[in-house]
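Subject: The structure you asked about

Hi,

Here is the structure for you to look at. Have it open while you read, and my notes follow below.

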Amino acid sequence: MTTRHRPGLAESLETCRPVPPDKPNILKTLLAAQSVLGYVPTSAIPQIAQVLGVTDAQVAGVLSYYSDLRTQAPGRHLIRVCMGESCMANRGALVLRAIQEHVRVEGGGTKLEGRFTVEKMSCAGNCAVSPTVMIDEDLCGRVTPSDVPSLLEPYT
């Protein structure tokens, strides 16, 4: 049985189908699926495995290993807080806590009527102006806890 998802997933998966002698690239395929859907539903694992000619377990293993892949639909806006050394040394943990309190989410997850998803990221590569927060594709540096309300206001 093939699970069908919204239009675009099947086409996206077809572009990732390996052509011999190439080997299947599970990560590339999962990233392509996530770019179409915003996440990779676990119900799509069999379809992805079939297209790549690999097992469901291999796809599930890659999906569970990489933290940038998500199996739940994100909120309308994705907030990622850098947890790299420079950001942590410059009180990034306090920024994360302020964001979690502002959007009323403990740890990671989605809150405020599905408006925001909060995640930690390993490194934003923005060390010179740490701590760093990414909101969707917007990179914000030198963020302080008191900046959080005004930083998130345009996204509400």
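This is a predicted model: local features need pLDDT of at least 70, side-chain atom pairs count only at pLDDT 80 or more; totals for chains, interfaces and linings use all residues.

Which residue in β4 does I79 stand opposite? The answer is I135. Residues are numbered from 1 along each chain as its sequence is written, and side-chain values use heavy atoms, with hydrogens and water left out.

**Strand β1**

Helices (H or I, at least four residues) and strands (E, at least two) are DSSP runs, numbered from the N terminus. Strand β1 covers residues 77-82. Two strands count as paired if DSSP finds at least two bridges between them. With β3 (residues 116-121), β1 pairs in the parallel sense over six bridges, and V81 stands opposite K120 there. With β4 (residues 133-135), β1 pairs in the antiparallel sense over three bridges.

In a regular strand the side chains alternate between the two faces of the sheet. You can follow this along β1: H77, I79 and V81 point one way, and L78, R80 and C82 the other way. Six of the six residues of β1 are buried, so the strand is largely enclosed by the rest of the structure. Here buried means under 20% relative accessible area, exposed means over 50%, and partly exposed is in between (1.4 Å probe, protein chains only).

Now find I99 in helix α6 (residues 92-103). I99 has 0% relative accessibility, so it counts as buried. Contact means heavy atoms within 4.5 Å. Leaving aside residues up to four places away in sequence, I99 touches I79, V81, V118, V133 and V148.

Helix α3 (residues 45-52) is mostly covered, with six of its eight residues buried. What covers these buried residues includes α1 (9-15), α2 (26-37) and α4 (56-65). After α3 comes G53, whose phi is positive, near 75 degrees.

**A loop proline**

P145 sits in the loop between β5 (138-140) and α7 (148-152). P145 is partly exposed, with a relative accessible area of 35%. Its contacts, not counting residues up to four places away in sequence, are L94, V95 and A98.

**Cysteines**

How many disulfides are there? A disulfide is a pair of cysteine sulfur atoms within 2.5 Å, and by this rule the count comes to zero. C87 is in no disulfide, and the nearest cysteine sulfur, that of C82, is 3.4 Å away. C87 is buried, with a relative accessible area of 2%. The sulfur of C123 is 4.4 Å from the closest cysteine sulfur, in C127, which is too far for a bond. C123 counts as partly exposed, at 46% relative accessibility.

**The largest pocket**

On a 1 Å grid over the protein atoms alone, a pocket is an open set of points where a 1.4 Å probe fits, with protein on both sides within 12 Å along at least five of seven lines; lining residues have an atom within 4 Å of a point. The largest pocket is lined by 13 residues, and R70, P74, L78, R80 and E137 lie nearest its centre. Strand β1 gives the largest share of this lining, three residues.
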